[in-house]
Amino acid sequence: MNTTALNAKIIQFSFISTQIKFKCFCTISAPDFQTLLRKPNLLESSIVSALKSISSSPSLISHGQQLHSLVIKSGLEPNVYIQNSLMSMYSKLGLFSCAKSIFGSSHELDYVSCNIMLAGNVKYGRLDDAYELFVKMPLRNCVSYTTMIMGLAQNEYYGDAIRLFREMRVSGVVPGEVTMASVISAYARVNADKRSAKLLHGLVLKLGLHLPVIVSTNLVLLYCMSSCVSDARIIFNEMVEKNVVSWNVMLNGYVKAGLVDLGREVFGEIPVKDVVSWGTMIDGYVQVGRLREALALYSEMRYTGLCPNEVMIVDIVSACGQAAKLIEGQQFHVLVVKMGFNCYDFMQATLIHFYGACGELELACLQFDEANKDHVACWNALIAGLMRNGMVNDASHLFSMMPERDVFSWSSMISGYSQNGQLNLAIKLFHEMVAKGIKPNEITMIGVFSAISSLGDLNEGISAHDYIDRNSIPISDNLGAAIIDMYAKCANVDLALEMFYRVRDKTRDVSPWNAIICGLAMHGHAEMSLRIFSELQRRNINLNSITFIGVLSACCHAGLVEAGEEHFKNMKTVYGLEPNIKHYGCMVDLFGRAGRLREAEELVKTMPMKADVVIWGTLLAACKMHGNTDIGERAAENLAKVEPSHGPSRVLLSNLYADAGRWDDAFSVRNRMRSEKLARSPGYSGIM
């Protein structure tokens, strides 16, 4: 065969289908093969090309093994390029032990060989072997560092991935787009703050790596995780190319920040929505309690022909439980059965929890009977349902019967005892849990601090806080808020402030701020409470209705009527928060203390909800303070309509008449109390 014909055969070999390429190579006649042997570069490229093609087709592994045999017979095994191709093929096709065997028997291996084995170790989860090889490598290039960083990040060793990236920078190796994408993703998981985001963004721009969609998408993610959604949106808008992942990351950023309406705008712009897009938007509505809109969007999704996944259904069923929407939740239960999701243990636990949250304990127990009893979450869900419905003894009995308990089992019991007023039992069970060597988590400790707060036991609170520090339990926003609240309710404002300043700059949620604002207001430190609220307003943190209860309470204590009115108005106009009955109660108290009783009465009349005992009682108490019998009589009359047997309000009215010198009316109220057998609440001391 002449050279032209041989080249033609090799060209054919390189461009037709994988299987034909292999057959073409293996059917070359002996003389032709000898010709190839005299042209080592041509033979080498032919074998490498064939092995590369086989690597992408797992069904052709037998062909790859035959070609390996041919390499050995031909004495080509020492060829580094062919060895590397063989290792790569075996690694990609799942025969990593064969790749290791070739690597171990080779005497002359370059950094490419090491990178192939490094990638194989990472792919098959052998991070220790990968790192051992990485350390031994005589030369590490961008591929080496990137492979190792990706492996660490994918296995959630984010801190190690970041440290290795810093080592890479110190060593002078220039990162590529995959390196930067992996590192940015790692920062987003463990070290997401504005400074880190800006530094990494600057490096990306300096390296000219801002155009690849994988890098820009991860930058959007990092800014979102750093609570810098506006910065994320700027990068997103500047992206030359966007895929569905990019859109979903931006959408999720708005949703997690509570900016659901802005998220809905992004959702509407997504050119092709996948089930993640729909699920993220539905979850956004669920998280802010807009279940009706979540269900409407779900129906819209079904019209597009997309089917929900199990995660979406768990979200919706859980939301139906929180909102006590039994009928809607049962409709999704039917869907769970139709789609075969009821075989999943986590779905069974979700359904048990749903029925318990809706107060349907018989249905919760029926669901539990069908569930896998080896799945601890099902037991935990039923315990939580029993506790929620005040069936403490039944929950305790079920807890004692559990074949196995996890930290959530103990947490459910401790929280349940705390919520049902069994405070000493909650503390006792916590000590028993620790004695058994079970490490509490954030949820456990929140339940513990809730019980301690209600008991007002400062020593127990300090001991529990010390336990957290000694055992390195991460202090989340909610746990930080629980500790602050505990110190405030145990009347130690200094320790509450100390804890607040410790977590202030790390928090992304408003709960620790709420705890200190309300705690300070409760103890009459109105000025400091409002000063901290002003600082909160300057931060990129979403306020909620609890924030304004603390603020309005502080205004009450300080007599700041105009400031209170301004904050009350801003709730809706600036922050989009609808005042509830507690906020109206604060305003009635604020007007009442200032003697502006007509404004207080007018506010009660114009409330969008019906005034309760607390509202009318607050107005009546203010009338007693300022001696206004006209409004006081009307407040007492309305209070009696809401709760006819409310004795303390009759006592207040009687005293109001007495202060005004209307003794006949005062005696008349007292006589009616006696005839109706109403009693005033006895006084008691919190010390004795």
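Here are some questions and answers on how the features of this predicted model get their labels.

This is a predicted model, where local features need pLDDT of at least 70, side-chain atom pairs count only at pLDDT 80 or more, and totals for chains, interfaces and linings use all residues. Residues are numbered from 1 along each chain as its sequence is written, and side-chain values use heavy atoms, with hydrogens and water left out.

Q: Why is Asn372 called partly exposed?
A: Buried means under 20% relative accessible area, exposed over 50%, and partly exposed in between (1.4 Å probe, protein chains only). Asn372 has a relative accessible area of 32%, so partly exposed is the label.

Q: Where is Asn372, and what does Asn372 touch?
A: Asn372 is in the loop between α23 (361-370) and α24; helices here are DSSP runs of H or I, at least four residues, numbered from the N terminus. Leaving out residues up to four places away in sequence, Asn372 touches Asp345 and Cys378, with contact meaning heavy atoms within 4.5 Å.

Q: How do you know that the length of α34 agrees with its residue count?
A: The expected span of a helix is 1.5 Å times one less than its number of residues. For the 14 residues of α34 (545-558) that should be 20 Å, and the end C-alpha atoms are 20 Å apart, so the two agree.

Q: Which residues of α34 are buried, and what covers them?
A: The buried ones are Thr547, Phe548, Gly550, Val551, Leu552, Ala554, Cys555 and Cys556. Their cover includes α32 (511-522), α33 (526-537), α35 (561-573) and α36 (581-593).

Q: What makes a set of residues a nonpolar core?
A: The members are buried Ala, Val, Leu, Ile, Met, Phe, Trp, Tyr and Cys residues joined through side-chain atoms within 4.5 Å. The largest such core here has 204 residues, and Val220, Met445, Phe449 and Ile516 have the most contacts inside it.

Q: What makes a space a pocket?
A: On a 1 Å grid over the protein atoms alone, a pocket is an open set of points where a 1.4 Å probe fits, with protein on both sides within 12 Å along at least five of seven lines; lining residues have an atom within 4 Å of a point. The largest pocket has a volume of about 1700 Å³, and 45 residues line it, with Val255, Lys256, Ala257, Gly258 and Asn542 nearest its centre. Helix α16 gives the largest share of that lining, 7 residues.

Methods. Grid points are joined across faces, edges and corners, and a volume is the space filled by probe spheres set on the points. Helices (H or I, at least four residues) and strands (E, at least two) are DSSP runs, numbered from the N terminus.
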